[in-house]
Amino acid sequence: MGIVVFLVIIAVAWYFFSAHQKASSQKHKPTQRPYEPPDPWTSSETEKTASSNIMLQAKGGAGPPELIAVARSAHAEAARHQDIPIAGISDKEKDKVREIIAVSLSEGQNPRHIYGKVAKTLSPFEWEDFDKWLKRFRKAREWPDMWDDIADYYEGKESGKEVDENELHRVKSEMLAHSLSAWAVTEDKLKDWQTRGIKMIEIAPAPDCCSWCAKYKGKKIRAATLLKKKIPPVHPGCRCGVLPAD
């Protein structure tokens with residue numbers, strides 16, 4: 001019996017000793033501070049570089065959530081002010097499309113989520129850039145990924161099959177939404193990089209890009225030139241991106 005009592009006393013003593021040690025370690029443990037973005041206006045060149053690198057990551061969709069939110073907001077603002085190079089629709093329709101795209105970008109959505117909304121918002125429209133590239137792709141018999149439905153549409157017409165005329169409007173609207181979203185993001189990135197002293201940019205072609213986009217692979221182009229030409233996207237439906245090359 002005495003041995004049992006002795007073991008109980010030892011167990012209780014060990015319990016209180018362990019509890020005291022745990023409480024003591026928690027008391028002296030340093031408090032973890034929440035994430036604070038580096039101050040871009042700091043006098044330290046090292047900290048300036050770190051801040052710039054983090055913002056570059058955020059502009060590319062990576063990095064701390066706080067800065068990703070800032071980048072998305074900037075992309076949305078760019079979308080609200082961009083020109084929509086199509087004819088045959090009212091300014092009211094254009095404003096609605098800008099807002100649909102801006103909201104999508106601010107929430108980090110894939111443009112595919114808004115294709116239907118854009119198609120329903122727009123009346124049938126004329127798009128000079130689309131017509132120009134349509135002629136090129138038809139002549140070359142080369143159809144980029146987002147042009148597959150267009151290829152089916154025109155091949156059906158040429159073979160005398162009955163085609164849905166609404167299909168052309170749907171696909172054009174999808175490409176317009178994609179192109180406007182892509183340019184809003186690219187424009188904001190280029191302008192931001194310019195303010196950080198990055199002048200040379202490399203276009204990053206999509207893995208399955210068309211032969212026109214493939215010509216840009218490995219080339220370094222001034223950010224100012226890309227802003228003037230408004231590329232990429234190189235053509236409607238283009239999925240190429242940009243990378244800082246400095």
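A residue is called buried when its relative accessible area is under 20%, exposed when that area is over 50%, and partly exposed in between, with a 1.4 Å probe and protein chains only.

**View 1. Valine 103 in helix 4 of the predicted model.** Valine 103 is found in helix 4, which covers residues 91-106, where a helix is a DSSP run (H or I) of at least four residues, a strand is a run (E) of at least two, and both are numbered from the N terminus. Because its relative accessibility is 33%, valine 103 counts as partly exposed. Histidine 75 stands 28 residues apart from valine 103 along the chain, and 9.8 Å separates their C-alpha atoms. This is a predicted model in which local features need pLDDT of at least 70, side-chain atom pairs count only at pLDDT 80 or more, and totals for chains, interfaces and linings use all residues. Residues are numbered from 1 along each chain as its sequence is written, and side-chain values use heavy atoms, with hydrogens and water left out.

**View 2. The protein chain as a whole.** The protein chain holds ten helices and three strands, and, read along the sequence, they follow the pattern α-α-α-α-α-α-α-α-β-α-β-α-β. Of the 246 residues in the protein chain, 38% are buried. When contacts (heavy atoms within 4.5 Å) are taken between residues at least 6 apart in sequence, 66% of them join residues at least 24 apart.
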